[in-house]
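Hi,

Here is the structure I promised to pass on to you. Please have a look at it first, and then read my notes below.

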Amino acid sequence: MKTRWLTPKEQRAWRAYIAATHLLEDAIDRQLQQDAGMPHLYYSILANLSEAPERKLRMTDLAEKSKITRSRLTYAVTRLEKDGLIRREDCQWDKRSSFALLTDEGMAVLERTAPGHVETVRAAVFDHLSAEQVGQLEEIGSAIVRALEGDATTPRPTSDEVPWRRRSSPCSGSS
């Protein structure tokens, strides 16, 4: 198979993307460490739970939403649970499954931290883009996600290819 090298224009775009994502992740992490004493990953876990029905998700679903492995999620949830921000609950229908639930204290931390987080994202990204560029950013991000996660025209990657993707157990989200 012949290597399809990036063109100079593609190379510049790729390097700009990598630099931007690294700098953005660093800025967000610094803000969240300062305001909430937690990294962006932990904040994202709390945010995902806050948007779920009953502020609760199966650990497998939370891993997929957070795009992290089950072991990394377990480590993060253990830390957040120790801080009183999340509580774990066993699934009564499937002993292999458990849920993560956002506590009232976790919701309060999220609500207290969200304004600074949004301001950091706005100042780092959206204040520098036109309305047209915001639409293009969404389009580009969505195209990349579809390519990597699969859609109607592309097969979904297997759990070997995407470690957070696991077969769902029969346990539903209701308690």
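**Notes on the predicted model**

T103 is buried, because its relative accessible area is 16%, and buried means under 20%. Please keep in mind that this is a predicted model. T103 sits in the loop between β3 and α5. Leaving out neighbours within four places in sequence, T103 has contacts with R55, G84, L85, I86 and R87.

One of those partners, R55, deserves a look of its own. R55 belongs to the loop between α2 and β1, and its relative accessibility of 22% makes it partly exposed. As background, most residues other than glycine have a negative phi. E54 is found in the loop between α2 and β1 as well, and E54 also has a positive phi, of about 60°, without being a glycine. Is E54 buried or exposed? E54 is exposed, with a relative accessible area of 55%, since the cut-off for exposed is over 50%.

Now for the overall layout. The protein chain has 6 helices and 3 strands, which follow one another along the sequence as α-α-β-α-α-β-β-α-α. Of its 175 residues, 31% are buried. If you take the contacts between residues at least 6 apart in sequence, 56% of them join residues at least 24 apart.

Next, the core. The largest nonpolar core holds 27 residues, and I45, L46, L49, L62, L73 and I86 have the most contacts inside it. At least two residues of this core come from each of α1, α2, α3, α4 (70-82), β3 (98-102) and α5. Which element supplies the largest share of this core? That is α2, with 7 residues.

Two or more lining residues come from each of α1 (8-36), α2 (40-51), α3 (59-66), α5 (104-124) and α6 (131-149). Sorted by class, the lining has 23 nonpolar, 9 polar and 7 charged residues.

In helix α5 you will find T120, which is buried at a relative accessible area of 17%. T120 touches A27, I28 and Q31, not counting residues up to four places away in sequence. As for α6, its 19 residues should span 27 Å at 1.5 Å a residue, and the end C-alpha atoms are 27 Å apart, so the two values agree. Just after α6, G150 has a positive phi of about 90°.

Happy browsing, and best wishes

Key:
Residues numbered from 1 in each chain as written. Predicted model: local features only at pLDDT ≥ 70, side-chain atom pairs only at ≥ 80, totals over all residues. Heavy atoms only, no water. Helix = DSSP H or I, 4+ residues; strand = E, 2+ residues; numbered from the N terminus. Nonpolar A, V, L, I, M, F, W, Y, C, P; charged D, E, K, R; others polar. Core = buried A, V, L, I, M, F, W, Y, C linked by side-chain atoms within 4.5 Å. Buried < 20%, exposed > 50% of the residue type's maximum accessible area, 1.4 Å probe, protein only. Contact = heavy atoms within 4.5 Å. Expected span 1.5 Å × (residues − 1).
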